[in-house]
Amino acid sequence: MSPPNNAEQHQEAFCHPEQHEASHHQEAHDETLGAAAQQHPIVEAAAAAPQPQLSEGEKKALQIHNQARRDVSKSTGHNRPDLVWDNKLEKDATAYAQHLCRANKGLQHSSGDQRPGQGENLAWSKPQGSVEGGSQMWVNEKKNYHGEKIGEGNFGAYGHFTQMIWPSTKRLGVGMARDDDGGVFVVGRYSPPGNFSGKSAYTG
């Protein structure tokens with residue numbers, strides 16, 4: 001599924017990574033639908049490592065994700081682990097946010113080949129934004145999801161949320177970049193990825 005281009009055009013020359021800010025708006029999912037109708041092998045979680053030092057914004061973004069996951073676990077009876085922050089995923093997310101700035105073509109997902117083993121959420125806003133704000137925008141899609149299988153209903157209205165709560169996902173990184181025109185791109189990266197076609201985000 002290709003997200004619509006609903007970001008404004010930017011007259012940017014340089015893109016600046018900002019680790020502790022992000023954006024509002026919608027557009028995301030990961031590698032499902034369309035080209036992703038295939039099942040991707042589940043990547044085994046790496047051995048637990050010491051949790052990195054996080055900014056307040058990053059802590060809030062992680063908390064928003066994990067509260068959403070806990071709420072779904074409680075309401076459905078299907079448990080999922082809390083996510084842990086992953087510095088490599090954050091680095092990859094920031095690099096792709098900078099790419100979106102330079103490309104100046106709005107919100108366009110990377111291909112599965114560009115992010116093997118990673119799911120992806122995208123967001124955009126101008127001029128205000130924060131990583132926790134982008135995460136909150138994604139979780140606000142909860143009202144649009146009722147347990148249907150991925151590919152059913154309006155995926156564009158719930159796909160960010162379902163990646164956030166996917167049962168087998170264990171690690172998260174969020175990065176962002178701001179262009180010289182004040183637009184902000186936020187990218188969330190998830191491992192293992194979720195949003196597999198024909199599967200419910202409640203049960204995986």
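Strand E5, residues 171-179, is mostly covered: nine of its nine residues are buried. The model shown here is predicted. Follow the side chains along E5. Arg 171, Gly 173, Gly 175, Ala 177 and Asp 179 point one way. Leu 172, Val 174, Met 176 and Arg 178 point the other way. Both sets are buried.

Now look at the neighbours of E5. Strand E3, residues 84-85, pairs with E5 in the parallel sense, over two bridges. Here Val 84 has Arg 171 of E5 as its bridge partner. Strand E6, residues 184-191, pairs with E5 in the antiparallel sense, over eight bridges. In this pairing Arg 178 stands opposite Val 184 of E6. E5 and E6 form a hairpin with four residues between the strands. Within that hairpin, Gly 182 takes a positive phi near 95 degrees.

Next comes helix H4, residues 155-165. Is H4 enclosed or open? Eleven of its eleven residues are buried, so H4 is largely enclosed by the rest of the structure. Among the buried residues are Phe 155, Tyr 158, His 160, Phe 161 and Ile 165.

Finally, find Gln 118. Gln 118 lies in the loop between helix H2 (87-103) and strand E4 (119-125). Is Gln 118 buried or exposed? Its relative accessible area is 6%, and buried means under 20%, so Gln 118 is buried. Which side chains does the Gln 118 side chain contact? Another, of 2.7 Å, joins the side chains of Gln 118 and Arg 189.

Terms used: Residues are numbered from 1 along each chain as its sequence is written. This is a predicted model: local features need pLDDT of at least 70, side-chain atom pairs count only at pLDDT 80 or more; totals for chains, interfaces and linings use all residues. Side-chain values use heavy atoms; hydrogens and water are left out. Buried means under 20% relative accessible area, exposed over 50%, partly exposed in between (1.4 Å probe, protein chains only). Two strands pair if DSSP finds at least two bridges between them. A polar contact is a pair of N or O atoms within 3.5 Å; within protein, one must be able to donate a hydrogen and the other to accept it, and residues adjacent in sequence count only if both atoms are side-chain atoms.
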